Amino acid sequence: MAIDYQELIPNNVDLTDNKVLQRALEHWQPRFIDWWREMGPSDFLASDVYLRTATSVDAKGWASYGAVKMPEYRWGIFLADAVPDRRIGFGDEYGKPAWQQVPGEHRSVLRRLIVTQGDTEPASVEQQRLLGHTCPSLYDLRNLFQVNVEEGRHLWAMVYLLHAYFGRDGREEAEELLQRHSGDADKPRILGTFNEPVSDWLSFFMFTYFTDRDGKFQLKSLAESGFDPLARTCQFMLTEEAHHMFVGETGIGRVVKRTLEVMKELGGDDPAAIRSAGAIDLPTIQKYLNFWFSSSLDLFGAENSSNAASYFAAGIKGRPDESNYEDHTARDAVFELALPEGETGIRSETIALRNAMNEVTRGAYVRDCEIGVKRWNRLIAKAGIGAELTLPSPRFRRAIGAWAGRSVDPGGQPIAAAAWQAQQDHWLPSQSDRDFVRSLMQRVTAPGKMASWIAPPDRGINNLPVEYAYVHLQ
Ligand code: BYC
């Protein structure tokens with residue numbers, strides 16, 4: 001279905017036919033724009049940015065590209081096309097018709113999930129709001145803004161659901177989504193990772209690789225939901241999300257590539273020499289990877305979760321790619337968990353599979369994360385360097401779940417707390433690592449030019465050359 005761009009709020013949900021909803025969303029819209037001006041990318045409100053905008057939900061051609069000032073971006077509401085006679089694909093309600101309205105008994109749980117999902121979207125824009133000042137190139141600056149405006153659109157997607165299906169409570173929650181702020185001492189964002197500062201571009205690439213990928217897996221789980229409007233909303237969000245992870249994967253790849261070039265020029269791997277040459281040594285890249293991967297793992301919740309079991313049983317939140325499983329009820333199946341025992345031991349416990357759904361999703365996420373790591377390692381191997389980047393064990397540096405607060409080394413071995421303290425600066429960015437990375441963050445805005453610590457991309461956006469002026473700074 002085509003999107004109506006004549007509307008104040010572009011949409012493919014027939015908003016003009018529902019005047020009450022339309023008015024409520026038009027009331028929220030100026031608040032969103034105020035939030036964008038105050039909490040969105042700092043200082044680039046008047047710049048023309050080469051952005052893509054969703055124009056249809058057709059997989060073959062859903063976006064158009066052109067220069068836009070960000071506050072004028074057409075944030076809209078788009079649902080993937082309905083599947084006729086769609087059925088609930090898992091849990092106790094398996095095979096029953098999907099819900100077109102919120103079932104009363106699931107109202108508060110669905111609202112909470114939608115609010116949690118919605119909360120992450122503006123949070124990420126807030127986390128990244130100062131990055132434009134230190135962009136390594138115009139190409140990267142444009143990608144940052146593309147990610148930001150689409151996270152803004154994902155907020156719209158959740159706000160639409162809250163307004164359309166949750167009445168007054170939903171409208172209040174939509175207001176609060178603009179009132180909590182990332183890192184705010186009094187009103188922080190809901191999930192831990194979204195309160196971490198993203199104050200340098202290496203963190204931004206790690207965030208878009210690891211944290212946006214949590215977004216992918218959570219959206220895939222919600223795209224299975226028996227609540228059909230939520231499923232259709234999340235399906236379309238996934239289309240946009242792919243670019244965000246591309247920014248992360250190619251961003252880290254380009255940082256690694258530049259480091260390898262410098263290593264070749266220097267003929268060695270001395271981190272101090274690499275740093276003096278203006279690149280980021282591989283051990284520092286590994287530490288940032290350890291930080292953001294472990295933080296993002298927490299976003300899947302506890303390994304053993306009665307919440308997750310009841311979402312699955314009720315047909316509210318499924319497993320990513322549920323159709324790939326044979327048993328969609330998971331009633332009697334079990335799952336083997338590795339849990340801490342004492343300070344340095346590991347024991348195994350068998351739990352009901354339904355209670356382990358967070359862990360199942362986390363496992364799929366970890367496998368997906370490995371794909372990029374393999375690609376970066378191929379670059380390293382091709383350069384003839386005998387080093388590798390690795391994902392730390394999912395038990396490492398956890399703050400949520402059974403391993404929360406445990407001292408575990410990156411290989412997954414529980415160790416004494418004192419040993420962990422002694423090693424942590426080898427595993428995670430130390431203050432001096434962060435200071436160094438920040439010292440590299442100097443703005444480069446000549447078209448086609450790159451900062452010293454990152455290689456150019458292989459190609460530009462939408463078949464344009466890398467040298468294209470993707471942002472016209474004012
Ligand atoms: N931080 O049984 P548990 C994205 C809470 S990212 C703080 O362990 P459950 C994006 C939990 O809320 C995707 N609190 O967890 C990426 C619960 O609280 P209550 C975002 C946490 O409920 C980049 C308690 O601990 N989408 O889109 O099974 C840029 C025990 O619950 C955390 C979603 O998250 C944490 N890390 O699962 C932009 C989907 N983890 O109820 C965007 C919606 C857990 O006791 N959310 N808790 O007060 C969910 O499905 C679930 O809420 C979770 C947790 C998966 C997050």
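This is a predicted model: local features need pLDDT of at least 70, side-chain atom pairs count only at pLDDT 80 or more; totals for chains, interfaces and linings use all residues.

Biologist: Okay. In what order do the three strands of the open sheet come?

Modeller: The order is β2-β1-β5, and the pairing is antiparallel.

Biologist: And which are the edge strands?

Modeller: β2 and β5 are the edges. Each of them pairs on one side only.

Biologist: How many bridges join β1 to β5?

Modeller: Two bridges join them. β1 covers residues 48-54. Asp 48 stands opposite His 472, which is in β5.

Biologist: Which helix lies across β1, β2 and β5?

Modeller: That is α3, residues 138-165. α3 runs at about 40° to β1.

Biologist: What about β3 and β4, how do they pair?

Modeller: They pair in the antiparallel sense, over eight bridges. β3 is residues 334-341 and β4 is residues 345-352.

Biologist: What do β3 and β4 form, and how many residues sit between them?

Modeller: They form a hairpin, with three residues between the strands. Gly 342 is in the turn and has a positive phi of about 60°. Glu 341 stands opposite Gly 345 of β4.

Biologist: Where is Asp 14?

Modeller: Asp 14 is in the segment before α1, which spans 19-39. Its relative accessible area is 44%, so Asp 14 counts as partly exposed.

Biologist: And Asp 85, buried or exposed?

Modeller: Asp 85 is exposed, because its relative accessibility is 57% and the cut-off for exposed is over 50%. Asp 85 lies in the loop between β2 (63-69) and α2 (107-127).

Biologist: Switching to helices. At what angle do α1 and α2 pack?

Modeller: The angle is about 30°, and the axes are 10 Å apart. So α1 is roughly parallel to α2. From α1, Trp 35, Trp 36 and Met 39 make the contact. From α2, the partners are Pro 122, Val 125 and Glu 126.

Biologist: What classes of residue are in that contact of α1 with α2?

Modeller: Five are nonpolar, none are polar and one is charged.

Biologist: How do α2 and α4 pack?

Modeller: Their angle is about 20°, with the axes 10 Å apart. That makes α2 roughly parallel to α4 as well. The crossing of α2 and α4 is right-handed.

Biologist: Which residues meet there, between α2 and α4?

Modeller: In α2 they are Arg 107, Arg 111, Val 115, Gly 118, Asp 119 and Pro 122. In α4 they are Gly 167, Asp 169, Glu 173 and Leu 177. By class, the contact of α2 with α4 has three nonpolar, two polar and five charged residues.

Biologist: New topic. Where does Trp 453 lie?

Modeller: Trp 453 is in the loop between α12 (431-440) and β5 (471-472).

Biologist: Is that tryptophan, Trp 453, buried or exposed?

Modeller: Trp 453 is buried, because its relative accessibility is 1% and buried means under 20%.

Biologist: What is Trp 453 in contact with, beyond its sequence neighbours?

Modeller: Its contacts include Pro 136, Trp 201, Phe 205, Val 255, Arg 258 and Leu 440. Leu 440 is 13 residues from Trp 453 in sequence, and their C-alpha atoms are 7.4 Å apart.

Biologist: You listed Val 255. Which helix is Val 255 in?

Modeller: Val 255 is in α6, residues 228-266. With 1% relative accessibility, Val 255 counts as buried. Among its contacts beyond four places in sequence are Leu 202, Phe 205, Ile 280 and Trp 453.

Biologist: How far is Val 255 from Arg 319?

Modeller: Their C-alpha atoms are separated by 33 Å. Along the chain, Val 255 and Arg 319 are 64 residues apart.

Biologist: Last one. What about Asp 298, buried or exposed?

Modeller: Asp 298 is at 13% relative accessibility, so it counts as buried. Asp 298 lies in the loop between α8 (282-297) and α9 (306-314). Leaving aside neighbours within four places, Asp 298 is in contact with Arg 398, Ala 399 and Ile 400.

Notes: Residues are numbered from 1 along each chain as its sequence is written. Side-chain values use heavy atoms; hydrogens and water are left out. Helices (H or I, at least four residues) and strands (E, at least two) are DSSP runs, numbered from the N terminus. Buried means under 20% relative accessible area, exposed over 50%, partly exposed in between (1.4 Å probe, protein chains only). Contact means heavy atoms within 4.5 Å. Axes are lines fitted to C-alpha atoms, for helices over the stretch in contact, and angles run from 0 to 180 degrees between N-to-C directions. Angles under 35 degrees count as roughly parallel, over 145 as roughly antiparallel, 65 to 115 as roughly perpendicular and the rest as oblique. A crossing is left-handed if the near helix is turned anticlockwise from the far one by less than a right angle, and right-handed if clockwise. Ala, Val, Leu, Ile, Met, Phe, Trp, Tyr, Cys and Pro count as nonpolar, Asp, Glu, Lys and Arg as charged, and the others, Gly among them, as polar. Two strands pair if DSSP finds at least two bridges between them.
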